[in-house]
Amino acid sequence: MRKTIYAVTVAAVVFAAAPAHANAKAKDGQVGLSVYGKGLRVEEVGAHMQGHGTGVRARLITYDPDGYRSAFTRWKDATPVSAALTKLSTVGWKWKGGKKFAHGTRLCVEFNVVQGEPCAVIHR
């Protein structure tokens, strides 16, 4: 469990904002997003926000190619993680076999306690 939390934390700290195919990283203010997969299939998503807090939760949002917004997941409790002087709240989703998205779909994360909604564009 600790190795998983550490791996998610390290991945969350090393974000660069750039959409790509199913592998992408994005940041918006205090919130970061990392998406892993192949082609239009997403296998894993990790998200973080700077700081700890009580009741921190996150969910994934999608915008289809026409711009319609919808909640993709329910709210999920974030895990507080400290690495040296850095305090983060992290959350992750993993799907066996992956989830397939339409070309051009934006996959975004939203935290309940901070502004910012980074998105990754899923494309071929």
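Is F72 buried, exposed or partly exposed? Select F72 and show its surface: with a relative accessibility of 29%, this residue counts as partly exposed. Keep in mind as you click around that you're looking at a predicted model.

**Stop one: F72 and W95.** The rings of F72 and W95 sit edge-to-face, with 5.8 Å from centre to centre and 75° between their planes. Now colour by secondary structure. F72 is in the loop between β5 (69-71) and β6 (76-77), while W95 belongs to strand β8 (residues 86-100), so this contact ties together parts 23 residues apart in sequence. Check the surface on W95 too: its relative accessibility is 16%, so W95 counts as buried.

**Stop two: F72 and F101.** Keep F72 and select F101. Here the ring centres are 5.2 Å apart and the planes meet at 50°, so this pair is tilted. F101 lies in the loop between β8 and β9 (105-111) and F72 in the one between β5 and β6, so the pair ties together parts 29 residues apart in sequence. At 7% relative accessibility, F101 counts as buried.

**Last stop: Y63 and R106.** Now select Y63 and look at the face of its ring. What lies over it? That's R106, placed 4.3 Å from the ring centre of Y63.

Methods: Residues are numbered from 1 along each chain as its sequence is written. This is a predicted model: local features need pLDDT of at least 70, side-chain atom pairs count only at pLDDT 80 or more; totals for chains, interfaces and linings use all residues. Side-chain values use heavy atoms; hydrogens and water are left out. Rings of Phe, Tyr and Trp (its six-membered ring) pair if their centres lie within 6.5 Å; planes under 30 degrees apart count as stacked, over 60 as edge-to-face and the rest as tilted. Helices (H or I, at least four residues) and strands (E, at least two) are DSSP runs, numbered from the N terminus. Buried means under 20% relative accessible area, exposed over 50%, partly exposed in between (1.4 Å probe, protein chains only). A charge sits over a ring if NZ of Lys or CZ of Arg is within 6 Å of the ring centre and within 35 degrees of the ring normal.
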